[in-house]
Each structure stands twice: as structure tokens, then as C-alpha cells.
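Thanks, everyone. Let's get the structure up on the screen and walk through it.

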Amino acid sequence: MSVWTDQWREFIQKTSYIRHLRERGISNDQFWREYEIYDDILGLMGYPGRIIDRISSLIHPGSTLLDIGAGTGAFAIPLSRFAGRIIALDPSEHQLNVLMRKARGIDNIKTVCDAWPDAEIRDRIDYTLAAYSLFHEDIETFLRRMIEVSHSGVFIVFRAEPADPLNDFAYGPKPHVDYRFLHSILREMGHNFDVELFPRDYRLPISYVLKQYRYSERSPEELTDYLRITGRLDESMTVGFHSCDALLYTLRHVES
């Protein structure tokens with residue numbers, strides 16, 4: 001194992017939402033049911049924004065795309081206009097139900113309630129996509145299977161910048177990883193991926209921010225005071241954020 005994979009494993013164990021599942025003894029599905037405003041927050045964040053345009057310009061019409069960790073359809077729904085078929089894979093039945101309610105009238109999206117990389121997919125896959133869904137300790141196996149099942153290309157979306165300082169205030173210093181870890185792991189595996197960056201600036205109501213940080217040991221009052229003191233909470237009680245997403249992709253033919 002490399003230093004990159006070791007640090008990735010530490011990140012998953014100590015920082016990702018998977019840790020909350022273990023500590024609270026809840027299922028993936030229960031986690032998302034309790035986070036009912038997730039889909040609303042995505043809309044306010046302007047995510048995935050221009051990444052959709054970029055991916056749609058790279059896929060062939062009529063192709064089949066496997067969206068790993070599809071969630072509520074941030075990618076699956078808009079990309080269904082360009083691909084011939086979308087297979088939306090997610091371990092949360094709740095998230096997939098939300099996706100299909102939003103996709104009412106769209107007939108080329110198929111949902112599969114299962115987790116990658118163990119999910120059994122019998123369809124021929126042209127492209128795989130994993131957007132902020134690579135929360136697996138054995139990241140090499142996760143990535144290797146993505147590449148193995150893809151006949152035409154692989155897309156990965158992950159954070160491009162350091163974690164928000166609010167994270168350290170809310171949870172204490174934690175390991176951090178960004179797209180460079182994935183890029184380095186892929187390179188060690190013998191795969192070269194192109195990278196493009198997509199910055200976003202947005203504001204969220206303080207009530208939504210507090211919901212995002214509901215597992216913090218800090219009280220809502222402490223979190224609110226921190227945001228006010230750092231100048232991020234305005235008079236309308238919305239909080240400013242800056243984020244940047246990295247799109248990693250390869251369009252080389254991959255033998256299955």
C-alpha cells in the first residue's frame with residue numbers, strides 16, 4: 001500500500017460520514033432519511049453546475065452511464081438528456097425514491113439499490129461516474145472495478161480544495177484528502193486521468209448549515225457565533241461558502 005491509500009483509509013475511518021454510521025449504529029438509508037434537506041441544499045449550492053455541461057460534451061449519445069452513489073439524481077437526471085440510459089446505483093432506498101420522484105416522466109433511468117464495488121451489474125456499461133461517492137476504505141478496489149466495467153470512459157468528481165475551516169471548528173482537526181490523492185492513486189495503478197476544476201460560491205440559510213453539522217459537539221449557538229465572528233453570517237442569516245470541485249476523467253478504451 002502507498003502513503004496515498006493509507007491516508008485515504010484514515011480519512012474514511014475518522015472523517016467521512018461512514019464514521020457517523022458506525023458510531024451511531026445506523027444504516028446508510030437511515031442516515032439519509034434523517035438528512036431530509038439534503039436535496040434542497042444541493043440546489044442552493046449550485047451543484048453540480050457546469051460539470052454537467054462538461055461531462056455531457058464528452059459522452060456519446062445513446063451510451064449507458066453507471067452513476068455510482070447517485071443519491072437524489074444530481075447527475076443522473078440531467079445526464080439522462082444526453083445518455084441513452086442511466087443506471088443509478090445507491091445503497092439508500094430513500095435516496096433512490098427521491099430520485100425517481102424527481103425523474104417522473106423520464107423513462108431512461110434505472111435504479112439499483114446496492115453498494116459499490118460489490119454491486120452486481122449485468123448491463124454493458126460505457127461510462128462510470130462517481131461524484132463524492134468514493135467513501136470506501138479499499139479505494140483501489142473501488143477504482144479498479146470502475147475502470148474494469150467501463151468500455152468508453154470514467155468520470156470522478158471530488159473536492160479540489162482544503163476542507164472548510166468550519167469543519168475543524170465543528171469537529172476538531174481531522175485528516176483531509178482531495179482530488180490529488182485520487183489522482184496519485186490512479187497514477188500508481190497505471191492510469192492517467194485529466195483534471196478540470198470548477199469553483200462555486202454560494203450562501204446557505206443558517207438553519208441548513210446547523211443541520212449539516214448536526215453531529216458536531218459544538219452547540220448551535222457556538223457554531224452560529226463562530227460564523228458571525230468570522231464574517232460569514234450576514235444580516236439575512238445566510239452563510240457564505242466557497243467550494244471547488246475537481247472532475248477527473250479518462251476516455252481511453254478499457255478492455256473488460
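**A walk through the model**

I'll start with one side chain: glutamine 95 has a relative accessibility of 3%, under the 20% limit, so it counts as buried. Keep in mind that this is a predicted model. Glutamine 95 sits in helix H7, residues 93-102. What is glutamine 95 in contact with, leaving aside its neighbours within four places in sequence? The list is Trp32, Tyr38, Gly71, Thr72 and Asp90.

E1, residues 64-68, runs parallel to E4, residues 125-131, over four bridges. Aspartate 67 stands opposite leucine 129 of E4.

On to the core. The largest nonpolar core holds 89 residues. Which of them touch the most other members? Those are Trp8, Phe75, Leu134, Leu143 and Ile156. Strand E7, residues 238-250, gives the most to this core: seven residues. Take tryptophan 8. Beyond four places in sequence, its contacts include Leu134, His136, Glu137 and Phe158. Val177, Phe181 and Ile185 are also among them.

Next, the second largest pocket. Its space is about 170 Å³. The lining has 14 residues, and Arg19, Ala170, Tyr171, Tyr215 and Glu217 lie nearest the centre. Helices H2, 17-24, and H9, 165-171, each supply at least two lining residues.

Last, the backbone. Most residues other than glycine have a negative phi, and most peptide bonds are trans. Here are the exceptions I'd like you to look at. The bond from tyrosine 47 to proline 48 is cis, omega near 5°. Proline 48 is in the loop between H4 and H5. The bond from tryptophan 116 to proline 117 is also cis, with omega near 10°. That proline 117 is in the loop between E3 and E4.

Then two positive phi values. Tyrosine 132 has phi near 55°, in the loop between E4 and H8. At 22% relative accessibility, tyrosine 132 counts as partly exposed. Methionine 237 has phi near 65°, in the loop between H12 and E7. Methionine 237 is partly exposed too, at 33%.

Conventions:
Residues are numbered from 1 along each chain as its sequence is written. This is a predicted model: local features need pLDDT of at least 70, side-chain atom pairs count only at pLDDT 80 or more; totals for chains, interfaces and linings use all residues. Side-chain values use heavy atoms; hydrogens and water are left out. A nonpolar core is a set of buried Ala, Val, Leu, Ile, Met, Phe, Trp, Tyr and Cys residues joined through side-chain atoms within 4.5 Å. Buried means under 20% relative accessible area, exposed over 50%, partly exposed in between (1.4 Å probe, protein chains only). Contact means heavy atoms within 4.5 Å. Two strands pair if DSSP finds at least two bridges between them. On a 1 Å grid over the protein atoms alone, a cavity is a set of points where a 1.4 Å probe fits but cannot get out, and a pocket is an open set with protein on both sides within 12 Å along at least five of seven lines; lining residues have an atom within 4 Å of a point. Grid points are joined across faces, edges and corners, and a volume is the space filled by probe spheres set on the points.
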